[in-house]
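Here's a friendly walk through one protein model. Take a look at the sequence and the structure, and then we'll go through a few spots together.

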Amino acid sequence: MKNFGKNLFIAFLMILAIYQTTELWFDELSSHNFFSFILQQNSGFMQAQLYGPENVIVNRGENSSVIMHRENVTDTVYRRDFDKLITASVNKGETETSKVDWPHIFNNRCVVYSFAQPIAADSFKKGLGIGTSKLGEINEINSVVIVPNTTDNVLRTYIENDGETVCCVLKRADMVQKCTDAIEKFSESGNSCISSRASGFNIFSKNTFIPIINDGCSKINVSNPVTDGVMIDTKALENIADSFLDNPAVKWSSVVNNIYSYSDEYNVVKYSLNGVLEYSGYNTGDGGESQNPAANYAAAVEFLKKDSGIKNDIVLSSVNINKERSRFYFDYAVNNIPAVMSDELKKGLDMHSSIEISVSHGSVVKYRRYLCVIEQGNGKEAMTSDFVKAIDNVYNTLENNEMSVDDIDLVYKINGRQNDVPVCWKITIGGKTYWEAA
């Protein structure tokens, strides 16, 4: 019996040694603690929760098309290898002064994290297990660029914000190989894109990744899963509401002034005829702790996974963080293209995006979602207007056509229940949004 216990203890130490070797290899976590690893695995937060990524752009080099992958916030496993490489290069690499040379980089293999909004450097470091003393004076991060150099066996990781760039250089042939392997196996799901700076388009205020679709794009159909516009499917609505309640079997419900309500002791779910589902929670977390945007974002994503009525990909559109709470705004996506609400629909619903989540101290206190299911139509239609023509059309309407373009994207503009919605260009200039046919 004593020998059995001794052998069991030796086996445990062997497993621990293997695990710690693996962690040192990747520097995946900020703490090389075996029990911490077990707890994080059990909690379901093993994958880094970064509240900024909008797109991950992968260039295989050698005249291959550059793939723009919209980050579906509820499924980021594809990013895990790249996350590990960033962590390893920042923690173990040497820092040098170097700017991102976009024309040069976009002629070679590279990976780019493009953020919807800057992410706090502290949250970025915590999410990826990067040492707190790393990245110097950078407070916010706009983009991350990973470049493997197989000739010199050097992995370069550029951490950018508006004012400065930190380049971390890791001279490790094995890490360079891991990066090239991850790039090669990266899924083809996504649309091609170009970099405005790499392509010499100086009308943009910052480096902008512009979607390019050459083989046409499908139209979409937008429907409401609980109504046909006349009758309410109360069973379907109740099934969605149940996913937010702790004990649906003992819930109580009512219909007052065409507002359908479902609640239990701690939660209430309401649905109005304008198509908006709204959740409110009575548990606001520990008010004695300071807000943690990364933890709040993780809570928001986990909450999204509870909503059984969501049938499409969900992409992050913007973030608003203050001392009281964090607000996260999301849109649906199909065909790797966001489906955003029209200005008229936003105004009518008093919403900024299709999904809005307010989180305080790790607890969701308010959730609003424009209830819809988006399906891809049959066949594809060729696009008749490229981004250059679309921007020219907007400039022709402006008194001051010297202003830089803040952003451009290819989107579906939805305005309620519709069929055959085509893609269009969404262009932002001077803080104002313009829509042009694609």
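Let's start with Cys 424, which is buried, at a relative accessible area of 10% (buried means under 20%, exposed over 50%, partly exposed in between, using a 1.4 Å probe and protein chains only). Cys 217 is buried as well, at 9%. As for disulfides, pairs of cysteine sulfur atoms within 2.5 Å, the structure holds zero.

Keep in mind that this is a predicted model, where local features need pLDDT of at least 70, side-chain atom pairs count only at pLDDT 80 or more, and totals for chains, interfaces and linings use all residues. Residues are numbered from 1 along each chain as its sequence is written, and side-chain values use heavy atoms, leaving out hydrogens and water.

How confident is the predictor? The average pLDDT (its confidence in each residue, from 0 to 100) is 87, and 87% of the residues score at least 70. Over residues 21-46, though, pLDDT is below 50, and this stretch has 46 contacts beyond near neighbours in sequence (contact means heavy atoms within 4.5 Å).

Finally, have a look at Thr 433, which sits in strand S24, residues 432-437 (strands are DSSP runs of E, at least two residues, numbered from the N terminus). With 26% relative accessibility, Thr 433 counts as partly exposed. Setting aside neighbours within four places in sequence, Thr 433 touches Lys 426, Ile 427 and Thr 428. Asp 407 is 26 residues away from Thr 433 in sequence, and their C-alpha atoms are 9.3 Å apart.

Note on methods. pLDDT = per-residue confidence, 0-100. Helix = DSSP H or I, 4+ residues; strand = E, 2+ residues; numbered from the N terminus.
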